[in-house]
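The questions and answers that follow go through one protein model step by step. Please keep the sequence and the structure in view while reading.

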Amino acid sequence: GLKRSSTGRAAPAGHTAIATSDDESTLDGKGANISVLHVAEKPSIAQAIAQGLSSMQGSSQCSFGGGGRSLPTHDISHLPFPKAPYAERASHKITSVAGHVFGTDFASEYQSWDSVDPAELFHAPIIKKPQKASVVKHLQTEARGCDFIVLWLDCDREGENIAFEVLDCCMHLMKSG
């Protein structure tokens, strides 16, 4: 489910923690067709993941994205998904971001280093801006209607930050359930 994280930590405000324990099945309905979105930190990692998953026993079809797109999406069908053991069919979409999805900045009234006291910056509002609007649109397009999201990001503070940026873009467009 979407209630807790595997570490038991609470997610930051406005974020949903996702359980990751191996024994927890999150889909009860037998015979369902499900869709899984995999997001990596960069395109080369997404391609390696797609190649690895497509070589697993049980996968039958893989189409490798590309065609000049900077963030291709690779599609794999008929590959089992352990979080939905009773699903009749699982389709996987593997894509990536290219580092951070959002950047942060101070509001315009705090932009002048000549007129702003640096001490004010500790209490100044922070504005979140997309690094590239095309990355946000890409994630939202790929996430629409998916049942699950799997994040393949670095296991460090930056990777965790990018993970929450991806979730901010995607979770509201996925199937809830």
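A residue is called buried when its relative accessible area is under 20%, exposed when it is over 50%, and partly exposed in between, using a 1.4 Å probe and protein chains only. This is a predicted model, in which local features need pLDDT of at least 70 and side-chain atom pairs count only at pLDDT 80 or more, while totals for chains, interfaces and linings use all residues. Residues are numbered from 1 along each chain as its sequence is written, and side-chain values use heavy atoms, with hydrogens and water left out.

Q: Is C169 buried or exposed?
A: The cut-off for a buried residue is a relative accessible area under 20%. C169 has a relative accessible area of 2%, and therefore C169 counts as buried.

Q: How many disulfides does a search of the whole structure find?
A: A disulfide is a pair of cysteine sulfur atoms within 2.5 Å. For C169, the closest cysteine sulfur is that of C170 at 5.8 Å, which is too far for a bond. C146, which is buried with a relative accessible area of 0%, is in no disulfide either, since the nearest cysteine sulfur, in C170, is 8.2 Å away. For the whole structure, the number of disulfides found is zero.

Q: How many salt bridges does a search of the whole structure find?
A: Side chains of opposite charge can pair when their charged atoms come close. A salt bridge is counted when a side-chain nitrogen of Lys or Arg lies within 4 Å of a carboxyl oxygen of Asp or Glu. With a search of the whole structure, the number of salt bridges found is four.

Q: How many residues apart in sequence are the parts that E142 and K93 tie together?
A: E142 and K93 form a salt bridge, with their closest N and O atoms 3.6 Å apart, and both E142 and K93 are buried. Helices (H or I, at least four residues) and strands (E, at least two) are DSSP runs numbered from the N terminus. Because E142 lies in helix 2 (residues 133-143) and K93 in strand 4 (residues 89-96), the pair ties together parts whose separation in sequence is 49 residues.

Q: Which residue forms a salt bridge with K128?
A: K128 is partly exposed, with a relative accessible area of 45%. Its partner lies in helix 3 (residues 157-170), while K128 lies in strand 6, so the pair ties together parts that are 40 residues apart in sequence. The side chains meet at 3.2 Å, N to O, and the partner is D168.

Q: What span does helix 3 reach from its first C-alpha to its last?
A: The expected span of a helix is 1.5 Å times one less than its number of residues. Helix 3 has 14 residues, and its span is close to the expected value, reaching 20 Å.

Q: Which elements do the buried residues of helix 3 pack against?
A: The buried residues of helix 3 include I162, F164 and L167. Contact means heavy atoms within 4.5 Å. The buried residues of this helix pack against strand 1 (33-40), strand 5, helix 2 and strand 7 (148-152).

Q: Which residues does A107 touch, not counting residues up to four places away in sequence?
A: A107 is found in the loop between strand 5 and strand 6, and at 10% relative accessibility A107 counts as buried. With those sequence neighbours left out, A107 touches P125 and I127.
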